[in-house]
Amino acid sequence: MSPTVDLVLAGGGLANILLAWRLRTLRPQLRLLVLEAGPTLGGNHTWSFHAEDLTPAQHAWIEPLVQYRWPGYRVRFPARERQLEGGYFSITSQRLHAQASAVLGDALRLRTPVARVEPTRVHLSDGTVVQAAAVVDGRGFTPSRWLRLGWQKFVGHELRLARPHGLAMPVLMDATVPQAGGLRFVYTLPLDEHTVLVEDTAYADGSALDVAGLRCDIDTYVRSQGWTPLQVLREEQGVLPIVLSGDAGQLWQQAAGVPRVGLAAGLFHPTTGYALPDAVRVADLVSALPELSAEPLFQALRGHALAQWRRQGFFRMLNRMLFEAAAPHERRRVMERFYGLPAPLIARFYAGRPTAMDKLRVLSGKPPVALRPALRAALDQAPPAARSLS
């Protein structure tokens, strides 16, 4: 059977849409098809990134998608409050949908759920089969027995306030709030003078999301800031994986030859959960490949993801120390110490490019957790599947 299209992107999340955007710009002759189960692209999310996360060229091509920009951000802890300079940017799913759907035109099919993918075929839920030279799976993260995980969980409310909120820049971590079940903090983006996005976030051991409880916590926090909400404009929710250890080779073995991107490929910052910088890099990688048939595309994405996995070992070690060496109520102390480090180090950490001296600096000095549990967690890299066989 001859391919109906050159490339099918299964899933209309961030990674696939940035890939489609880049391909439309650089290879407009490509027969492209994006399949999304929902009524809009990107779900209901806000993606943010720091200036140093991307190259100048990457900033340039992603610029039309950026909706909000600030010159820096703040963090708050019981014993430390700090402002850090450097650009901070956000893309909303509403803007992503508006911009990308206009560019994609009839290459986009919404309300089209995918039942199953193969390297060159997509099986839709209605029984239709779409043939392609290659299929890219970007339908999101699926837990695996080859990954040991913690979780970053949040509920966010975009609020219209009765009076100006007074924030000049985002507060990425307000950890002065009561701690419960893990590291808890509030993330706040000032969208205009009267509008804020307030997300109540926890780094916790389990993936269950107490939506009703977090809604109450948001309301309590908002009123503690002296703000009077007039309207909840929208709500977003998320449960993001924080990788502690695993076997990336086994994960790609399970892909069965289907190219993957985004959370499905494990391509996100292992400690912060930020996904946009990796999605931008993958879009550049794929759009520059000489051939986009299934096998070379799979090998390129697999090679890129495994190389990223090897580079990220330091972050996974820190994650294990945070989740497995620090008691839940102590995790705030770990982050409070981190934000006392030099600003350039913090920027490189967010960008996923810490130097050898940065790593030494992060680990040096008196640790905020007990030494023996920290060493045990640092050395334990076994995924759940390996533990079950031991």
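A residue is counted as buried when its relative accessible area is under 20%. In this predicted model, five of the six residues of strand β1 fall in that class, so the strand is largely enclosed by the rest of the structure.

Strand β1 belongs to an open sheet of six strands, whose order is β6-β2-β1-β9-β8-β7 and whose pairing is mixed. The edges are taken by β6 (108-109) and β7 (114-118), each of which has a single partner strand, so one side of each is left without a neighbour in the sheet. Strands of a sheet pair through backbone hydrogen bonds, in either a parallel or an antiparallel sense. Strand β1 (residues 5-10) is joined to strand β2 (residues 32-35) by four bridges in the parallel sense. Within this pairing, Leu-7 is set opposite Leu-32 of β2, and Val-8 is set opposite Leu-33 of β2. The pairing of β1 with strand β9 (residues 129-137) is also parallel and runs over five bridges. Here Ala-10 is the residue of interest: Asp-137 in β9 stands opposite Ala-10.

Ala-10 lies in strand β1 and, with a relative accessibility of 0%, counts as buried. The C-alpha atom of Ala-10 is separated by 9.6 Å from that of Thr-112, although the two residues are 102 residues apart along the chain.

The loop between β6 and β7 contains Arg-111. This arginine has a positive phi of about 50° although it is not a glycine, and its relative accessibility of 62% places Arg-111 in the exposed class. A second residue with a positive phi that is not a glycine is Ala-256, for which the angle is near 55°. Ala-256 is located in the loop between α5 and α6 (276-287). With a relative accessible area of 57%, Ala-256 is exposed.

Charged contacts were examined next. Side chains of opposite charge can pair when their charged atoms come close. The structure holds 20 salt bridges. One of the salt bridges links Arg-234 to Glu-236, with the closest N and O atoms 2.8 Å apart. Both partners are enclosed: Arg-234 counts as buried at 11% relative accessibility, and Glu-236 counts as buried at 2%.

In the salt bridge between Arg-121 and Glu-118, the closest N and O atoms are 2.8 Å apart. Arg-121 counts as partly exposed, its relative accessibility being 31%, whereas Glu-118 is buried, with a relative accessible area of 17%.

A further salt bridge connects Glu-81 with Arg-76, the closest N and O atoms being 3.6 Å apart. Arg-76, at 16% relative accessibility, counts as buried.

By residue class, the lining of the second largest pocket divides into 16 nonpolar, seven polar and four charged residues.

How values were computed
Residues are numbered from 1 along each chain as its sequence is written. This is a predicted model: local features need pLDDT of at least 70, side-chain atom pairs count only at pLDDT 80 or more; totals for chains, interfaces and linings use all residues. Side-chain values use heavy atoms; hydrogens and water are left out. Ala, Val, Leu, Ile, Met, Phe, Trp, Tyr, Cys and Pro count as nonpolar, Asp, Glu, Lys and Arg as charged, and the others, Gly among them, as polar. Two strands pair if DSSP finds at least two bridges between them. Helices (H or I, at least four residues) and strands (E, at least two) are DSSP runs, numbered from the N terminus. A salt bridge is a side-chain nitrogen of Lys or Arg within 4 Å of a carboxyl oxygen of Asp or Glu. Buried means under 20% relative accessible area, exposed over 50%, partly exposed in between (1.4 Å probe, protein chains only).
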